[in-house]
Amino acid sequence: MNSINNRIIYLIEKVENGTASNAEREELNTWYNAFEEEDPITPFWTDVQKNEAKENLYHKISQSLPGLTTKRKVKKSYYIVPLSLILLVGLALSYIYLDHFDTAKPEPQKVVSDVKPGKEEALLILADGTKIGLNNKAAGTIARQAQTNIIQETNGFLVYVPSSSGTRKESLINKVSTPVGGTYRIILPDGSKVWLNAASSIEFPSRFNQDKREVRTSGEVYFEVAQLKDEQTGAKIPFRVITAQPNQKNHEQVIEVLGTHFNVNSYADELAIKTTLLEGAVIVSTTVNAIPVKSARLRPGEQSLINQSNMIAIAKNVDLSEAVAWKNGYFEFNNTSLNALMRQISRWYNIAVVYDENAKNDTFYGKIERSYTLKEVLKVLELGNVHFELVESTKDNTKATLKVLP
């Protein structure tokens, strides 16, 4: 609101409470007549537009003050207009402005009936850049790289099966990524099982080396790592998971694994990278330019949290069921804030989320199947005294927008 509008409101308030001087009353009267002159408020309007604006303003005011029948009376009686009519003045001016400058009037947003849940869907990118969509792919061999067969199984796993024939040991980097609202499962060349949550990815070789196994991930990934030993020495072959620190160039988290079950959550919109250990043991480290900075050893039931400053915190006795609920087909909340909850919802249902300024960031408890439609999930959440409105998005036509209301 500019200084002219502030001054007008100030004058109307003084007239309303009876403290306005004659000079202030005349100033307010002059403002009303300003539609007929070149003034700072309407210098770009024609005379016709000014007259129409004045007529419209008179109409708005006279509707709220029965008995006013002439423009002159409006001019004199305008001083007793209650403060609430300031809104009517604004509406009148906006109405004229929009009509005469061909500004598109915003249409009411259309209510969206419902949104379906996410599904098994991913994109496989081979080393040569070939892209293969994995949704609704028939079972069978879909590609071959470096003497490794890539097979889509009927149970939903994408399986890498190294060929036993030949001596070729070349390893090519592949990538599997899921979209927002997608999930997928992979069996790596060493037999390790991987689950990808929505908007996640993993890069891995089509054939692991004998001395190390290394993959890169983003988003949220659950691992069941196979234990392998070197055929010559009998030593265990380590497994490393490298995750970039979102918004921090050359900062990474490295997880050293010998054989275990764990979950890694490294979404860019979360406050920290979370690694949750279910079985076995891992060492979590932070690096800058590949140089180790800090490290911590996790035991089952513990969770590491690494912030953007590379600080490592360890939470003990965490809710393991909540950490991997997504992998088992559920949303699970245990003292989960509304904002954190909605981040999960937005990834799975591919929606944008906006918040009313009066919406409270309360905490929630419970468990909801991810197979539910969005409306079904919202009905459950509304039991926690929060309300929603689902409308078409104003920014992205491919998404609906969920408004979180008080």
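Guide: On a 1 Å grid over the protein atoms alone, a cavity is a set of points where a 1.4 Å probe fits but cannot get out, and lining residues have an atom within 4 Å of a point. Grid points are joined across faces, edges and corners, and the volume is the space filled by probe spheres set on the points. Here the largest cavity holds about 50 Å³. This is a predicted model: local features need pLDDT of at least 70, side-chain atom pairs count only at pLDDT 80 or more, and totals for chains, interfaces and linings use all residues. Residues are numbered from 1 along each chain as its sequence is written, and side-chain values use heavy atoms, without hydrogens and water.

Visitor: How many cavities of 30 Å³ or more does the structure hold?

Guide: Two. Among the residues lining the largest one are Gln245, Pro246, Tyr267, Ile273 and Gln308.

Visitor: Is Ala244 buried, exposed or partly exposed?

Guide: Buried means under 20% relative accessible area, exposed over 50%, partly exposed in between (1.4 Å probe, protein chains only). Ala244 has 45% relative accessibility, so it counts as partly exposed. Beyond its neighbours within four places in sequence, Ala244 is in contact (heavy atoms within 4.5 Å) with Thr217, His251, Glu252 and Ile273.

Visitor: And why is helix H7 largely enclosed?

Guide: Helices are DSSP runs of H or I, at least four residues, numbered from the N terminus. Nine of the 12 residues of H7 are buried, so the rest of the structure largely encloses it. Leu338, Met342 and Trp348 are among those buried residues. After H7 comes Asn350, with a positive phi near 55°.

Notes. Helices (H or I, at least four residues) and strands (E, at least two) are DSSP runs, numbered from the N terminus. On a 1 Å grid over the protein atoms alone, a cavity is a set of points where a 1.4 Å probe fits but cannot get out, and a pocket is an open set with protein on both sides within 12 Å along at least five of seven lines; lining residues have an atom within 4 Å of a point.
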